[in-house]
Amino acid sequence: MSDGTSPHDFSVVICVYTEDRWEDILAVVDSVRKQSLPALETLLVVDHNERLRARLAEEYADARLREEVRVLANAGPRGLSAGRNTGIAAARGAFVAFLDDDAVAERDWLHHFAAAYDDPRVMAVGGRTLPAWASGRRPAWFPEEFDWVVGCTYRGLAPGRVPVRNVLGGNASFRRTAFDAAGGFATGIGRDGDRRPLGGEETELCIRLSKALPGAILLMDDRAVIHHKVPAVRERFDYFRTRVYAEGLSKALVAQSVGAQKGLESERRYTTRVLPAGVLRGAGDALRGRSGGAGRAGAIVTGVALAAGGYALGRLRARRSGTTFSWGPIERADGPAAEPTGGPTAPRAGDGSAERAGSRAADRTRDRAAGSETGEGAAT
């Protein structure tokens, strides 16, 4: 690699929270262990579930696996952002990749990520996420333009290896120094277990990273492929409605943090070009008698309306409450990171002090983010 690090120096962080996904967790770890470019380590970060943490620690207790698969407790407040920050702090690799706990990576996933980092300006690389529908096929009414609803790559993204504003967190990697420059994932945004399905934490981080390092390049490489499970409940229109409304709330939080111009930069093209084309495509299919065309067109129109409603309500709540977000430097397990501007100090993780430091950091985060709750749209 051009920065002098080994191409094998990937730490893969997988955040987990429930035993209901036990078989999925074992499958995703196995997919990392079978990479053509071996990872330096896999970090399983357990979100405040001691029973799951102990069970995973036992599963990977074999001396041969202990260094390859490390099991950590989330050292911060409950939620995906703090879990990822715990993994980043404990990571020993020069690059940190993130993978969802209900996905599996194709064999060359890390290989394609590594190749993009030959350019030292590249600070983040994301990949393509394909849906694995529980029913075995896409619901006829479900538009590909809205595959982000189920955590997958959606129609409208450019093919190949291309610059992007932000990567998608369930299939992404960052240069470790990116977090030294920009800090970690913000709390007060993103998912918290089974609460309202918010998102946007990776968007907020990537925009902040680009501000901290104006010359940084963020890429999407559609050859870095993972397959993401879509359970039956997420194939239903009720989930679709809930998720797109929550996305509107999330975009309001991101816009509050980084400004509406940057926070909605990519969304403007998506809503003015990609979605209208999807409506016309669905209507055309309906006129030709093809199954699901009218449903897809209707789902797109409904999705736009619900997302817009969520965004408007989220902005109103944010203004009234003075919503703020907390982020801070990631303090490495082997020493402190460079101190970026703004945000509280992030918890130390990766050794026996992680839980103690995480408790103190959680208290600081709650104190600093006291105004961040926005009713149903809040997630920590």
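Two strands pair if DSSP finds at least two bridges between them. Keep that in mind as you move through this predicted model.

**Stop 1: β1 and β2.** Select strand β1, residues 10-16, and strand β2, residues 41-46. They run parallel, and 6 bridges join them.

**Stop 2: on to β3.** Select strand β3, residues 69-73. This strand pairs with β2 too, in the parallel sense, over 5 bridges. Click V46 and look for A73, its bridge partner in β3.

**Stop 3: back to β2 for the side chains.** Which way do they point? E41, L43 and V45 go one way, while T42, L44 and V46 go the other. In a regular strand, side chains alternate between the two faces of the sheet. Buried or exposed? In β2, 6 of 6 residues are buried.

**Stop 4: the cores.** Show I14, L44, L56, L99 and W109. Among the 34 residues of the largest nonpolar core, these touch the most other members. Apart from that core lies another, of 26 residues, including V13, L43, F98 and A172. Nonpolar side chains in soluble globular proteins tend to be buried together.

**Stop 5: L99.** Finish by selecting L99 and what surrounds it. Leaving out residues up to four places away in sequence, L99 touches V12, V13, I14, C15, V28, S31, V32, A105, W109, G170 and I226.

How values were computed. Residues are numbered from 1 along each chain as its sequence is written. This is a predicted model: local features need pLDDT of at least 70, side-chain atom pairs count only at pLDDT 80 or more; totals for chains, interfaces and linings use all residues. Side-chain values use heavy atoms; hydrogens and water are left out. A nonpolar core is a set of buried Ala, Val, Leu, Ile, Met, Phe, Trp, Tyr and Cys residues joined through side-chain atoms within 4.5 Å. Buried means under 20% relative accessible area, exposed over 50%, partly exposed in between (1.4 Å probe, protein chains only). Contact means heavy atoms within 4.5 Å. Helices (H or I, at least four residues) and strands (E, at least two) are DSSP runs, numbered from the N terminus.
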